[in-house]
Amino acid sequence: MEETKLSMYQLYKEMLNDYLQHKSEHVLYSAQQLSKEMLEKDMSPEEMVSLHISVFKEMVEDLPEEVVDSFELLLEVMIGYGLAHREFMSLRDRQRQLDSELNVAAQMQESLLPQEEINLKTLDFGVISVPSGKMSGDYYHYIQDENGNMGVAVADVIGKGVPAAMCMSMIKYAMDSLPEQRLQPAALLESLNRVVERNIADDMFITMVYGSYDPKKHNFYYASAGHEPGFFYNADEDTFEELKTKGLVLGITPKVHYEEFSLSLEPGDFVVLLSDGVTEGRTEGEFIEREDITKLIRKYKHLPAQDIVNQVFRELEKMQDFHLRDDFTLLILRRNV
């Protein structure tokens, strides 16, 4: 180390002497290269200033007292700067590591969402879910059984970030463990509620709406655990009706009974399920009204269901200057024939 410092001392001394005599661009370029070498040797800014002062004092005898004093002040400033700089670099490295870990967690969370295509001639299905941050507190689910019946769900954790995302993972695995109840909305919510109540903190709750569609009877059955009400679109009357949603949020108490509702879908009718990130968006300080949501859906209702949810998301994102304040999930299930 001492040999390195001596070598750096000699190198800098020659460079400074050369520059003071010739003021050449070549020396300035060499100085830039030296700074890179110093960085590689992990020299701090105050060490560089200290080096300059030592060399300069040796080269110029009888320096004015004001110049010596100014060097001392500069050295103190650089010591403080160096400490702050190293702290900043440490925090930056930790932030980069955290970002990297969150990216991996977000990819794992996304892999928990269903990817299968829905293959039903009688049904048109579309869903979009966009997190406001790296990880989402929203969860959506859909599944088709061997008889063509289809189960759909949208859930929302009251909370954000990693804890909310972990709760969503628990919901996913809990639902996978209840296959026999997938198409019985009220029974499924009651079972999930018992799982949630045992496994999450007292200050966390989950809202959820679960529905199942029978393609033979064209009935949609659903139950809600305190979730944001969705909509039923009547194609014949061109009207939207709010879905009935009675029910306590998941996780409050172990014994809860959920009421089940049903709708009869005619060709062109559709059901809209959503999270509160859709209805609680803001534009210019005001909440986006639910009526604004139905207007957007009506505007694009001639499109396939997936295109409808995509277009509604783009318009709402634009209205909010491309800044989502909450996780956004929108799902449409439409009877074709």
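Reader: Let me start with helix α6 (residues 185–199): which strands does it lie across?

Author: Helix α6 lies across β4 and β5, running at about 150° to β4. Helices (H or I, at least four residues) and strands (E, at least two) are DSSP runs, numbered from the N terminus. Angles, from 0 to 180 degrees, are between N-to-C directions, and axes are lines fitted to C-alpha atoms, for helices over the stretch in contact; contact means heavy atoms within 4.5 Å. This is a predicted model, where local features need pLDDT of at least 70 and side-chain atom pairs pLDDT 80 or more, while totals for chains, interfaces and linings use all residues. Residues are numbered from 1 along each chain as its sequence is written, and side-chain values use heavy atoms, leaving out hydrogens and water.

Reader: Thanks! What is the order of the strands in the open sheet?

Author: Two strands pair if DSSP finds at least two bridges between them. Here, 5 strands with antiparallel pairing follow the order β2-β3-β4-β5-β8. At the edges are β2 (138–144) and β8, each pairing on one side only. From one strand to the next, the twist averages 15°. Helix α5 (residues 161–176) packs on this sheet, touching β2, β3 (150–157) and β4, and its direction makes about 35° with that of β4.

Reader: How many bridges join β4 to β5?

Author: There are 7 bridges between strand β4 (residues 206–214) and β5, which run antiparallel. S212 stands opposite Y221 in β5. The two strands form a hairpin with 4 residues between them, and H218 in the turn has a positive phi of about 60°. On to strand β8 (residues 261–264): 4 bridges join it to β5, again antiparallel. There, F220 faces L263 and Y221 faces S262.

Reader: And is strand β5 mostly covered or exposed?

Author: Mostly covered: 6 of the 7 residues in β5 (219–225) are buried, that is, under 20% relative accessible area with a 1.4 Å probe, protein chains only.

Reader: Now the helices: at what angle do α8 and α9 pack?

Author: Two packed helices are described by the angle between their axes and the distance between the axes. For α8 (residues 290–299) and α9 (residues 305–319), the angle is about 130° and the axes are 9 Å apart.

Notes:
Buried means under 20% relative accessible area, exposed over 50%, partly exposed in between (1.4 Å probe, protein chains only).
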